[in-house]
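I opened the model to look up its fold and its aromatic ring pairs. My entries follow.

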Amino acid sequence: MVAQGFTVDLNKPLVFQVGHLGEAYEEWVHQPIVSKEGPRFFASDFWEFLTRTVWWAIPVIWLPVVCYFVSKSVRMGHTPYEIASMVGFGIFIWTLLEYSLHRFLFHIKTTSYWGNTAHYLLHGCHHKHPMDGLRLVFPPAATAILLVPFWNLIALFATPSTAPALFGGGLLGYVMYDCTHYYLHHGQPARGVPKDLKKYHLNHHFRIQTLGFGITSSLWDRVFRTLPPSKIVGKSI
């Protein structure tokens, strides 16, 4: 595609090309290429490797961490009911974080070289290549870095005995989100909630990218009035 005199060559590593699109980046990145074969990001094999993650790595890596943190609160004397409540509240916190990140960070509008480049790495690549199965879940190395401020924030407001279970619940919410997100793109649900969620999310990709920011549910889209019109949501993809 030619934009502002610059041509993006899809046969070459993309990350350091897209910044040159300037103001045309927003339009370019929301013209999806529906192919299961993703593009190359970097010329370096090492950095390229870090951008690719199989979906099952998320539960394999993070569910043991969830169990470890929840067990810390158990060992501090909390009852099963209290533990379930804290984990549930942690998941609830994650759903709001999921919506907020998707709406206000992942869909931030950029025009500068480094702004476009960072956005493409963070989320733009997913809209450009929505069926790239190895870039649908968040790379574990990046997740580990982001968990540090998340833990610090929870520890700031919670007690020493409740913080681990709340953190574990939030991390469990993330695991559920990433696995759900992968399924919505590559699964084939026939009926019920999964089918509705798939239709809802693909509407966001292919019809109205400025609405429908929820992934695991439409709860916060309803609360903050970013729900797509019913006549769009109701159509099949």
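I took helices (H or I, at least four residues) and strands (E, at least two) as DSSP runs, numbered from the N terminus. The model is predicted, so I noted that local features need pLDDT of at least 70, that side-chain atom pairs count only at pLDDT 80 or more, and that totals for chains, interfaces and linings use all residues. Residues are numbered from 1 along each chain as its sequence is written, and side-chain values use heavy atoms, with hydrogens and water left out.

**Fold.** I found 11 helices and 2 strands in the protein. From the N terminus, the order is β-β-α-α-α-α-α-α-α-α-α-α-α.

**Ring pairs.** I searched the whole structure and got 21 aromatic pairs. Rings of Phe, Tyr and Trp (its six-membered ring) pair if their centres lie within 6.5 Å; planes under 30 degrees apart are stacked, over 60 edge-to-face, the rest tilted.

I looked at Phe69 and Trp151. Their ring centres are 5.5 Å apart and the planes stand at 50 degrees, so this pair is tilted. Phe69 sits in helix H4 (residues 57-75) and Trp151 in helix H7 (residues 140-157), 82 residues apart.

For burial I used relative accessible area: buried is under 20%, exposed over 50%, partly exposed in between (1.4 Å probe, protein chains only). Phe69 is buried at 16%. Trp151 is partly exposed at 26%.

Next I checked Phe89 and Phe92. Their centres lie 6.2 Å apart with planes at 20 degrees, so they are stacked. Both are in helix H5 (residues 80-105), 3 residues and about one helical turn apart. Phe89 is partly exposed at 44%, and Phe92 is partly exposed at 39%.

Ring pairs join Phe89, Phe92, Tyr99, Phe213, Trp220 and Phe224 into a cluster.
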